[in-house]
Amino acid sequence: FQLCACNGQVGGVVSSNVSRPSSVALMQNMVRNEGIASLWRGTGIAIVTAFPSVGIYLTMYDQLKAKLVHVMNKDTMPLVAGGSARAVAVVLTNPLEVIRTRIMAERGSQGSSGWFAVTRTALHNDGFMALWRGLVPTLYRDVPFSALYWLLAEATRTRATILLSHRQKLHDIADIGQARGGEETVGQVIGVNLLAGVVGGSCASVITHPFDVIKTRAQVGRKRPGATMVALREMVSSEGWTSLWRGVGPRVLKIGPSCAIVLASYEFFKKRWA
């Protein structure tokens, strides 16, 4: 889904006069022209990118949350902790994100050029700073995304935990005539965090999607990008408002489940190893 979103967003760089295919049609065209393996192009670099990015991000979020909980309102604290943690992770891992985006944006039946070839070409053509191309629009996308994501995820997680606790108490009273306290089971931890991740990730990805379009075009294009807000205005002027949400369907289908899996896995291993 990330690959389809990337190709759909980049398509506007080539031509803004041709009608854009749907996500399903885009997937069908990719399979027909490049083979089924093209849908997993860039998976290797995506995995390599995920480890440092998620590790830095979630660890910093937990640390910041522990510090800020004493000085901020617990309802708004996720906004600051989430946005700050993501900003640091983006700056440190942007070179990997640039290479991943360029690999996924490649077209052709001969397959991907490979991580090292794409990196070498980027450095040769655009210099060392090419690895930080798209950093500003990425921050525009990821910092608000992370702030909104954690605000919604924490609210969903709190509400779901309360509902589960209330349901468990009613179940215990019906069974043995008295309420019993206790920790969440592993299944409850996984279920609650899967729900929180889907809700937070899906909603935040829709709201911040225009900046993802700008980020993708900036990282793939050879032309040096201008200011992010200028690029947004130019897209609206030349391609219409709908261009800002080009590829939003595949992105939501990718971001929602991936956020759920990451959050549930992280909390599961915290519970097991804490």
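Me: In this predicted model, which residues is Arg157 in contact with, leaving aside its neighbours within four places in sequence?
Reply: Arg157 is in contact with Lys65, Trp150, Val192, Asn193, Ala196, Leu263 and Glu267. Arg157 itself lies in helix α6, residues 135–176.

Me: Why is Arg157 called buried?
Reply: The relative accessible area of Arg157 is 12%. Buried means under 20%, so Arg157 is classed as buried.

Me: What makes Arg251 buried or exposed?
Reply: Arg251, in helix α10 (residues 248–273), has a relative accessible area of 4%. The limit for buried is under 20%, and Arg251 therefore counts as buried.

Me: Why is Val206 called partly exposed?
Reply: Val206 belongs to helix α7, residues 186–207. Its relative accessibility is 37%. Buried requires under 20% and exposed over 50%, with partly exposed in between; Val206 is therefore partly exposed.

Me: What separates the C-alpha atoms of Val206 and Arg251?
Reply: They are separated by 8.4 Å, although the two residues are 45 residues apart along the chain.

Me: Which residues make the nonpolar surface patch of about 450 Å²?
Reply: The patch is made by Val206, Ile207, Trp241 and Trp245. Patch residues must have over 30% relative accessible area, and Val206 has 37%.

Me: How do helices α3 and α10 pack?
Reply: Helix α3 (residues 43–68) packs with α10 at an angle of about 65 degrees, their axes 12 Å apart. The contact is made by Val54, Leu58, Thr59 and Asp62 of α3 and by Val262, Tyr266 and Lys270 of α10. The crossing is right-handed.

Definitions and conventions. Residues are numbered from 1 along each chain as its sequence is written. This is a predicted model: local features need pLDDT of at least 70, side-chain atom pairs count only at pLDDT 80 or more; totals for chains, interfaces and linings use all residues. Side-chain values use heavy atoms; hydrogens and water are left out. Patches are made of residues with over 30% relative accessible area and no salt bridge: like charges are joined within 9 Å, nonpolar side chains (Val, Leu, Ile, Met, Phe, Trp, Tyr) within 5 Å. Accessible areas come from the Shrake-Rupley method with a 1.4 Å probe; for residues, only the protein chains shown count as cover. A salt bridge is a side-chain nitrogen of Lys or Arg within 4 Å of a carboxyl oxygen of Asp or Glu. Helices (H or I, at least four residues) and strands (E, at least two) are DSSP runs, numbered from the N terminus. Buried means under 20% relative accessible area, exposed over 50%, partly exposed in between (1.4 Å probe, protein chains only). Axes are lines fitted to C-alpha atoms, for helices over the stretch in contact, and angles run from 0 to 180 degrees between N-to-C directions. A crossing is left-handed if the near helix is turned anticlockwise from the far one by less than a right angle, and right-handed if clockwise. Contact means heavy atoms within 4.5 Å.
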